[in-house]
Amino acid sequence: MKPFYFLLFLLSVGLTSFAQNVDYTLRYNTGLSRYEVYTRPSFTQAQYNWGSTQVSVVTPSSVTDSPFTINSVAAGGWTDNSEVYNVQGSDFHGIGSNGLKVDLTSGQETLLFSFTLPGGQCVPGLRLYINGSDPNSSAAGMQGGDFANTMYSSNDILGATNLYRQNYANTGTVCTACNLVAPTLSK
């Protein structure tokens, strides 16, 4: 009987990690003068048990060295838990949540949290941490800090499946609204 339960467990973990993923993005909202972090899930579920999560933001090192002011919106209470300053010209902020139930719709963005920089300023070039590319915990200056983006579902019994897949539209924030309209050509 034990092999049956083990097989069932492996199947549930495999299906969960295959069918359910989340992606993240960061952008600056000029109308509200704040940065916003969104998730875009690959699945739909009402009252999804969003679990322990980290979304890390990378800023130019010119930003004042202090934690962000976070406004939690969905999937739990978000906190700027760890910061490392001036590593390879950037600052790193690990923003985490223990999770909470949230309604998700496949392919549609959900605002997780917003934040402002010290003094409420807008600085262009903020982006999300890139797992496997940005400095890892053993890199010089990172002080052992792990800034990898994660999302562990509370639906996973052991909490071992990271459902975070990737960042999208992660080329760096801008501080102005782009209202360009292409001219029409007349013949």
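Colleague: Which cysteines form a disulfide, and how far apart are their sulfur atoms?
Modeller: In this predicted model, a disulfide is a pair of cysteine sulfur atoms within 2.5 Å. A search of the whole structure finds 1 such link. Cysteine 122 and cysteine 175 form it, with their sulfur atoms 2.0 Å apart.

Colleague: How many residues apart in sequence are the parts that this pair ties together?
Modeller: Helices (H or I, at least four residues) and strands (E, at least two) are DSSP runs, numbered from the N terminus. Cysteine 122 lies in the loop between strand E9 (110-116) and E10, and cysteine 175 in the segment after strand E12 (164-167), so the parts tied together are 53 residues apart in sequence.

Colleague: Is cysteine 122 buried, partly exposed or exposed?
Modeller: Buried means under 20% relative accessible area, exposed over 50%, and partly exposed in between (1.4 Å probe, protein chains only). Cysteine 122 has 26% relative accessibility, so it counts as partly exposed.

Colleague: Is glutamate 36 buried or exposed?
Modeller: Glutamate 36 is placed in strand E2 (residues 34-41). Its relative accessible area is 3%, so glutamate 36 is buried.

Colleague: With which side chains does the side chain of glutamate 36 make a polar contact?
Modeller: A polar contact is a pair of N or O atoms within 3.5 Å; within protein, one must be able to donate a hydrogen and the other to accept it, and residues adjacent in sequence count only if both atoms are side-chain atoms. Side-chain values use heavy atoms, with hydrogens and water left out, and residues are numbered from 1 along each chain as its sequence is written. One partner, at 2.7 Å, is arginine 34. The other pair, at 2.6 Å, is with tyrosine 38.

Colleague: Where in the protein chain is confidence lowest?
Modeller: The predictor's confidence in each residue is pLDDT, from 0 to 100; local features need at least 70, side-chain atom pairs count only at 80 or more, and totals for chains, interfaces and linings use all residues. The chain averages 86, and 81% of the residues score at least 70. Strand E10 (residues 127-128) has the highest mean, 98, whereas the lowest, 51, belongs to helix H1 (residues 2-19).
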